[in-house]
Each structure stands twice: as structure tokens, then as C-alpha cells.
Amino acid sequence: SNSVFGQGPVAPPAPTLTVQERLDALEKKSDAPSIWKTLGFKASGFLDVAYTHNFNNPNTNLNQLHVFDTNASSFMPHLVQIMLERPADASGSALDRAGFRARLNFGSDARVTRARTNYQPGVASDEVDFQELYAEYILPVGNGLKVQAGKINTLIGYEVINSWENPNFSRTFMFGLGQAFTTTGIRLTYTFNQIVTASVGVVNGWDNVDDNNKGKTVEWLVALTPHERLGVNFYGSVGPEQSNTVGGVVPGGAGANASAKRTVAGAIITFKATSQDTVILEPYYANEANANLVAGKAGKNARWNGLGSYLIHDFDDQWSLRLRGEIFEDAGGARTCTGSIAGTVGSFTGVPGGWNTCAGAVGGVGAGGIAQTLWATTYTLQYKPTPSLITRMEFRYDKSNHNVFLNGGDPSNNQETLSFQVVYLF
């Protein structure tokens, strides 16, 4: 009988699929529209590794006054970044107008970009950090008013955290030591026409996820494109950046003043001279009340300012030469030589990171308080075998009007480095 206790006929066993049939079935399933594609999600990322040789052979094994490329004569796994995003689209439905971005950083650069310490990267050895984490919505106002809320890359400065998005591997003194990396708050952006776009934000402050005072900082950017070959951006910020008393402790030190204002202003001028040549200039000025660290000038204003210049020559889609010149003045001693050393060097013990170190701090003079002017010239040759693979060779020469660099164990007024970088985009 084909029935068992009146349950009806027994179904025949399913046929066994061959390997090829199973693969064909899986491929057909993957072709079906997924919620990932329907919602417009995009995933991307990159990995960045480099080797930097310091011709001065500093006994600390650190490149003085560098921020990301800190390790001398060493390989560094700088960054692995995973980015998930859904860009907002002003031309679509209400759902299309909503978006987000999440960038997660892993690697040694994450020690620098982590933003919970009032612009004191390197005070923790954590190598995981959300570089950006924000939601956005484009309001149907005029051409579309974009509203972004969360942690986002700053409006200040030409260079950015991701090295491959800059012309050179290493960062300028101006960006690494004198500008914000990220801000946390709300930002509004509106494109008036093809020539004018403006952004304004209200944020916790420079690199503050957790605000260190009760005040807020305002940042802004006006981007002008008067000609297809010329772009001029004006940017700036103003607001209190020093710590107030929290739980009986003043994180910023005994002299911190939570109402002291930091004001910065700068411009980015980009000129496409030919189809192969691009020139960029960035003048920059900053001033902060009650921030001077030079001996005898406590409570005074601190000023830092600079000028960065770039020339990019693309031989073709694969080969490119990038030249950079920079001058950076730290008149109040507030931005340079304020770092620490990883581990113990002689009797000096520091924290992990090794960012923004100098010979003065190593010699026991103490961190900060050196009013100096720095110069740097950088020469980078870039080769892209494929669009997803970037290789760079960079030579950089640093100089100061003080002996803040190290030649072996001796203070020196200059430093030379040679770096090799590989970036893979995915």
C-alpha cells in the first residue's frame, strides 16, 4: 500500500542536484532584486600600508612633528577603512532624499583620528575609530537643502584624513597640527547655482565627539566656481575649544578657559592650468585666546598660520608627479612639540602614538612652548597599475628655525624622510 495509517501517498525523494545545477540555481537567486540594491546601499573601502625611512635615524624611532607617518624606518599598517553609505538623492522620492554614511577605521591611523580627547590624538592606543557617522536628508527647499547630523569630516582645510585622497602621502604641518580632522553636530548645505555653494554647521568643536565645554563652534564654507578651470573656497570656524571643569578636574589643564574663543579662516584656490596640470594654494590663519604656551606669555593669545602650495602634473592615467611646499608658523607654541613618546626613552615615559614629538620634549625641556616656523618641501611620484591600486614614492624635507628634530640623539633643525606607500581600493 502507498499509504501509512491513512496519511496518503509518500512523496518521492527530491532529485540530487549536480554541482553545476546547484551553482546555476545560486546565481539565479543572486540576480533577484535585493533590499540592499533597492535601498541604494553602497559599500567600499581601502587598505593603506607604507614604509618610511628617516635619514636622521632618530633614537626615538619616531619622525619628529609628523602625525600619521610617525614611525621612522618602519612599516606601518596605516589604515583599513570600510565605508557603508546611502547617498541622499534630491531628485527622488522622500525615501530617496534620506541617506547616511558610516566610515569605520582600523589601523595605526585610527589612534590619531579618534575624536574624544579635545584634539589630543595619541593619548590612547585604540586602533578602531568611526571616522564619519552621520545621517542626511535633502529638504525640498529650492534646489534642495541638505541637512547632515552626526560626526563628519571638517569643512576646514584642503587635506583630509585619508592619505590617498590627498596629492601626497604625508600630511602638511598645517593640517596635521593646525586644523580640525572631524566635527560632530549638524550641518546645512545649499547649492544656489552652478557657481555658488555654501555650508554652515554648529558643532561640539574640533574633534570633539564628547563636548569638553558648554559652548558650540560654528564652521562655514563658501565654494565658488567662477570658471570650469578655477575654484575658490573660503572656510572658517569660531567657538570655544578649551575645557571647562568636569567632576572637579580640568581636562585642559589648570589654565583652561571654557569661554576662550578659537577663530580660524582660510581659502583653497584651485586652478586647472592645463588638462594635465593643477595648482592649489591654501593660505590659513588661526588665533585662540588664552592658549599661548611660550614661557612668560601664559594667558595670552596664540596664533598659528601657514601657506600650502601644490603642483600636480598627470603624465597620463597611471603616472603623476606631485610637488608640495609649505610654511607653517606656530607663534604661540600651542600647536607643535606637544606630543608624547611611545614607551620609555631614557627617563622620559610617554603614551602610545608618538604623534607631534620634537627634540625639546625628549630632552626634558617639556612639551610645547616653542614658538617656531616650519618649512617643508615634498616630492611624490604616483603610479597606478590599475584604477584600484595606487603606489607612491615620496621624499620630504622638513626644516625649522629651532632644533626640534633629532639626528640620532642630537637636536637638529632639519629632517629628511623617504616613504613608499601602497593603497588598494575596493
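**Buried charge pairs and a disulfide**

The structure is a predicted model, in which local features need pLDDT of at least 70 and side-chain atom pairs count only at pLDDT 80 or more, while totals for chains, interfaces and linings use all residues. Residues are numbered from 1 along each chain as its sequence is written, and side-chain values use heavy atoms, leaving out hydrogens and water.

Side chains of opposite charge can pair when their charged atoms come close. Eleven salt bridges are found in a search of the whole structure (a side-chain nitrogen of Lys or Arg within 4 Å of a carboxyl oxygen of Asp or Glu). One of them joins Arg101 to Glu85, with the closest N and O atoms 3.0 Å apart. This pair links distant parts of the chain, 16 residues apart, with Arg101 in strand β3 (residues 98–106) and Glu85 in strand β2 (strands are DSSP runs of E, at least two residues, and helices runs of H or I, at least four, numbered from the N terminus). Glu85 and Arg101 also belong to a network of salt bridges with Arg103 and Glu132.

Another salt bridge connects Asp129 with Lys151, the closest N and O atoms being 3.3 Å apart. Here strand β4 (residues 128–139) supplies Asp129 and strand β5 (residues 145–153) supplies Lys151, 22 residues apart. Asp129 counts as buried because its relative accessible area is 9%, and Lys151 because its value is 8%.

Turning to Arg262, this residue lies in strand β10 (residues 261–272) and forms a salt bridge with Glu288, the closest N and O atoms being 2.8 Å apart. Glu288 sits in strand β11 (residues 277–288), 26 residues from Arg262. At 3% relative accessible area Glu288 is buried, and Arg262 is buried at 7%. Beyond neighbours within four places in sequence, Arg262 is in contact with residues including Trp206, Trp304 and Arg335 (heavy atoms within 4.5 Å).

A disulfide is a covalent bond between the sulfur atoms of two cysteines. The search of the whole structure finds one disulfide (cysteine sulfur atoms within 2.5 Å): Cys337 and Cys358, with sulfur atoms 2.4 Å apart. Cys337 is in the loop between β13 and β14, and Cys358 in the loop between β15 (348–350) and α5 (359–362), 21 residues apart. The link is right-handed, with 135° about the S-S bond, and both cysteines are buried.

Most residues other than glycine have a negative phi. Cys337, however, has a positive phi of about 60°, and Leu65 has a positive phi near 65°.

Terms used: Buried < 20%, exposed > 50% of the residue type's maximum accessible area, 1.4 Å probe, protein only.
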